[in-house]
Amino acid sequence: MRVVPLYGIGTSHVRPGEAGVGSGLLNTFNESGAALGIAVIGTILATSLHNELGSGTPAPEAMAVGVGTGFLALVICAALAACIALALHRLTRAADGRP
């Protein structure tokens, strides 16, 4: 559901002669971001789980804390990405002279 608008927005400022390069970069960043996101969030979840189990918390509660910490990290990353996207949107609009 999100892929079609994402690629439309991501390639909207690319010149037709550079469409292949723009699309390739967008695909590369999309795949790299997904892999890096899974690795980072998985590490945060595992570290939190390990710390909770090490302090004597029962496994189900430790897992709940680990998952909660992982989701908190996702929320922080999403908020940061939204701020960056908004800043880039404003910069590209200002450079193009469009409102």
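Isoleucine 84 is partly exposed, because its relative accessible area is 46% and partly exposed lies between buried (under 20%) and exposed (over 50%), judged with a 1.4 Å probe and protein chains only. This isoleucine 84 belongs to helix H3 (residues 59-96); helices are DSSP runs of H or I with at least four residues, numbered from the N terminus. The model is predicted: local features need pLDDT of at least 70 and side-chain atom pairs pLDDT 80 or more, while totals for chains, interfaces and linings use all residues. Residues are numbered from 1 along each chain as its sequence is written, and side-chain values use heavy atoms, without hydrogens and water.

Together with Leu80, Leu88 and Leu91, Ile84 forms a nonpolar surface patch with about 410 Å² of accessible area (Shrake-Rupley method, 1.4 Å probe).

After H2 comes glycine 56, with a positive phi near 95°.

The largest pocket is lined by 26 residues, of which Leu6, Gly10, Leu26, Ala85 and Leu88 lie nearest its centre. Helices H1 (3-10), H2 and H3 each give two or more residues to this lining, and H3 gives the most, with 11 residues. A pocket is an open set of points on a 1 Å grid where a 1.4 Å probe fits, with protein on both sides within 12 Å along at least five of seven lines; lining residues have an atom within 4 Å of a point.

Technical notes. Patch = residues over 30% accessible without salt bridge, like charges linked within 9 Å, V, L, I, M, F, W, Y side chains within 5 Å. Salt bridge = Lys/Arg side-chain N within 4 Å of Asp/Glu carboxyl O.
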